[in-house]
Amino acid sequence: MFRDRALVAEGSRLRRMAPPAAPFAWGAVAVAWRLWCPLARQPGLPMRIATSVVFFSVGIGLVLGVRRGLSRELARVRAVADATQQVLLRPPPPRLDGLAVAAGQLSASRGAVVGGDLYEATATPYGVRIVIGDVRGHGLAALGAVVAVLGSFREAAHDEPELAGVLRRLERALGRHLRERAREEHPARSGRTPEHPAAEEFVTLLLLEIRPDGYVDVLDCGHPGPYRIGGRCVEPVPVGEPLPPLGAFPLPVDLVPYRATRLLPGETLVLHTDGAEEARDDHGRFFPLAAVLAGAAREAPAALVHRVHAALLRHTGGRLTDDVALLVVRNDRVRVPAQPAEPGLRRTRPAPSPR
C-alpha cells in the first residue's frame with residue numbers, strides 16, 4: 001500500500017514537471033549547438049541571425065511551457081477552493097417543512113465564493129431555524145469565525161429546545177475560536193488565556209424560528225431586520241430590542257425571543273446582511289433594496305435572489321465594498337379551508353336531560 005502511494009506521488013510529481021520539460025530540453029540543445037557546433041562560431045550576419053532565432057524560439061517555448069503548467073495548477077487550486085467553500089456555505093434545501101428556501105452570496109473579495117457573511121436554514125422538531133450573520137470585515141480573513149458559528153449552529157439547532165439555548169451555544173463557539181486565534185497570534189501568551197482575545201472582532205447575526213403555525217420568533221444580535229413580502233406590499237419586520245453582537249460583549253442573563261410576525265401562506269421573508277442596503281453607486285446613493293424587492297415580489301425565492309444580486313451589481317458597477325448575503329423563505333404551506341356541511345344533513349341538538 002505504501003509503495004502504491006509512493007508511485008502515485010512520484011507520478012504526480014512527474015506530471016507537474018512535464019510541461020516545462022520540453023522547453024528546457026530545447027534550451028539545452030540550443031546551448032550545446034552554440035558552444036560546440038563549429039557552424040555556430042562562424043562570423044557573419046546570417047549566422048548571428050540564425051543563433052538569435054534559435055534562442056528566441058527556445059525562450060518562447062520555455063515561457064509557454066511554464067505558463068501552461070501554472071494554468072493547470074491554478075485550475076486545480078480553484079477547483080479545490082470552490083468545493084471547500086461550497087461545503088462551508090452550502091446552499092439550503094429548496095424546501096424545508098413546507099417552506100420554499102433559496103440563498104446566495106456575493107463576496108467583495110475577487111475570486112472568492114465565500115466571504116464574511118454566513119447563513120444556514122434547517123428543519124428541526126421545534127420548527128425551521130435560520131441564522132444569518134456578518135463577521136466584522138470581509139473576505140477570506142473572516143472564514144474562521146464563519147466556520148465556528150455555522151458549525152455550532154448545525155448542531156445546536158437540533159439539540160436545543162429553546163432558541164435562547166442555540167444563541168448561547170453560538171456565543172461559546174465563537175469565544176473559543178477567538179481565544180484559539182489569539183494564542184496563535186501571540187504565542188508568548190500561550191500559557192494563559194488572553195484577557196481580550198480579539199476585542200475588535202465580532203459577529204452580528206439574526207436567529208429565527210418559524211413555527212408550524214407561521215409565527216416567527218427572533219433573537220437579534222445587532223443585525224438588520226428582514227423584510228416581509230405579502231402580495232406587492234414590502235414592509236420591514238420588527239425584531240425587538242437588539243442584543244449586543246457576539247464577541248463584542250457578553251449576552252445578558254435573560255434571553256427572551258421576540259415574537260416578530262406571522263408568515264401566512266404565500267408570504268415571503270427576505271433576510272439580508274447590511275452590505276445589501278449600504279451598497280452605493282458612483283454618486284453615493286444607497287441601494288434601494290425595498291424597491292427592488294417590491295418589483296420582484298411575485299418571483300420564486302431562487303429567482304428573487306438572482307434578481308436582487310443582478311440589480312445590486314448594476315447599481316455598484318460590479319465594485320462591491322462589502323459582502324452581501326440573501327436568504328429568502330416563502331410559506332408554501334396550504335391553509336385548509338373550513339369544510340361545508342353536506343346537503344341533507346343538519347346538526348341536531350342533544351336531547352334535554354330529564355329532570
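**Close-up views of a predicted model**

**View 1. Strands β2 and β11 side by side.** Alanine 102 has valine 328 in β11 as its bridge partner, and β2 and β11 pair in the antiparallel sense over 8 bridges, where two strands count as paired if DSSP finds at least two bridges between them. Strands (E, at least two residues) and helices (H or I, at least four) are DSSP runs, numbered from the N terminus. This is a predicted model, in which local features need pLDDT of at least 70 and side-chain atom pairs count only at pLDDT 80 or more, while totals for chains, interfaces and linings use all residues. Residues are numbered from 1 along each chain as its sequence is written, and side-chain values use heavy atoms, with hydrogens and water left out.

**View 2. The open sheet.** Its 6 strands follow the order β1-β2-β11-β10-β7-β8, with antiparallel pairing, and the edge strands β1 (95-96) and β8 (233-236) each pair on one side only.

**View 3. The two faces of helix α7 (residues 301-316).** Glycine 317, whose phi is positive, near 70°, follows α7.
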